[in-house]
Amino acid sequence: MTTKTPRRIYPDYTYTRAPIERCYWAEAVPEAALAHPTLPGPARVEALVIGGGYTGLNAALSLAQAGRQVTLIDAAFPAFGASGRNGGFCCLGSARASDGQLRRRFGPEAPAELRRAEASSIAHVDRLTRVHGIDVDRHSTGETILAHSPKAMAKLAASAESYSADYGTEMRVLSKADLAAEGLDGPTWHGGLHNPLGFALHPRKYAAGLLRAALAAGVTVHGETPALAIKQQGRTLAVTTPRGMVTADRVLVATNGYTAENLAPWFRGRTLPAQSSAIASRPLSEEEMQAQGYWSRQMAYEDRRLLHYFHLTPDGRMVFGQRGGLLSSPATEAKLAQLVRADFDCAFPAWSHVETPHYWSGMVCLTASLTPYCGPVPGLPGAFTAFGYHGNGVAMGSYLGARMAELARDEEPSEILPASFRAPPPRFPLGRFRRLFLAAEYTQARLFDH
């Protein structure tokens, strides 16, 4: 029995169950439906997957389908982290690097390569849900970007043609009158841009379906089994857990924004977790939707730097989230819930009387390269990792989990893996104080958005 504990840059409270006590998604898929027994003791496995979110479950499923013996461990239970508490957007996105940055670092084709991967990631999730018969409460045809100012609207309209060319689809510019006609009305929006790629889903139903598919493929799953350290041990890798050592030929790390700083030396300072918080309303009546002028099930987000993201669920609840939290404690969570609710009231003033009984938060993951990483763990032969989806992990986390499994099988990826995703991200400066970067960015974003 080891006493080593994970070292992270947020307080211990962040990694407890407290931030998801009122998570709406947990009503349909409670912890009991995802929980698995603790690893009982030392073990020898062919492939060990650390982390039971979308990335880890996709990796484990892919490996098992290829005939490998796979064990998956999670510090709590599968989908405990961002995979079980996100906004339910299976959409484009994954990187924050500009086209100019991508071209300078990876060549003239880098932006187009990244966008092809983003479109492929949505198709990957679509295919998985269909092949495995996973009912995810699917709704929304693509997503709508809403302009919060006339200047932002002009920028969106000007980008429509290039977006259409980049993604091989037709982006549709929406005037404010169009928004009203399509049930997307609000007092703070000046128009929008509709992108037909992507769909909304129930995050935990998707995770639960992936878990069932992995188990059916032969994956062994253990919960309440944190990985405390990874070390080389001869020709194998040794992973320390509270109840003993697991040795494996291949180790795949899929912990994203919940990665411990001391899991292995290379991981220190490579991730920057950022808090995202969300609320969900009670079901809205048709009369209430009409009063606000908002009845579309389309998923949408504002183009603000400190964005809001939201969509109506099939049963008429509004899920509304935003980023911006820097601290983690019961008192801080209560304040964040109030802030999210205040922004909800600004966006939907006709619903100021509507109760929002659900609130939850979790960690997305940023990288200093501003792009995801998928590849080997330097200094640990046989270890692989994928992380850094910048708040868009439903599609890209799933996609890169499958690509990581192919790399772990010593195969070239069967679908595009951009050069920008293959380059290991550098460490953030300031070590454990790197959250100061978020504080500066959030302050600037609030000033810019205002």
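Strands here are DSSP runs of E with at least two residues, numbered from the N terminus. With that in hand, take a look at strand 1, which covers residues 43–50 and includes Ala47. Keep in mind as you go that this is a predicted model.

Who's around it? Leaving aside residues up to four places away in sequence, Ala47 touches Leu63, Gln69, Val70, Thr71 and Arg250. Leu237 is worth a glance too: 190 residues separate it from Ala47 in sequence, yet the C-alpha to C-alpha distance is 9.9 Å.

Now for the rings. The model has 25 aromatic pairs. One of them joins Tyr15 and Tyr258 edge-to-face, with the centres 5.9 Å apart and 85° between the planes. Tyr15 sits in the segment before helix 1 (25–28), while Tyr258 belongs to the loop between strand 11 (244–253) and strand 12 (272–280), so this pair ties together parts that are 243 residues apart in sequence. Both Tyr15 and Tyr258 are buried.

Elsewhere, ring pairs build up into a cluster: Trp189, Tyr294, Phe310, Phe320, Phe344, Phe348 and Trp351 are linked this way.

Last stop, arginines sitting over rings. Arg138 lies over the face of Phe199, 3.7 Å from the ring centre. You'll find another case at Tyr399, where Arg403 lies over the ring face at 4.7 Å from the centre.

Key:
Residues numbered from 1 in each chain as written. Predicted model: local features only at pLDDT ≥ 70, side-chain atom pairs only at ≥ 80, totals over all residues. Heavy atoms only, no water. Phe/Tyr/Trp six-rings, centres within 6.5 Å; stacked < 30°, edge-to-face > 60°. Helix = DSSP H or I, 4+ residues; strand = E, 2+ residues; numbered from the N terminus. Buried < 20%, exposed > 50% of the residue type's maximum accessible area, 1.4 Å probe, protein only. Lys NZ or Arg CZ within 6 Å of the ring centre and 35° of its normal. Contact = heavy atoms within 4.5 Å.
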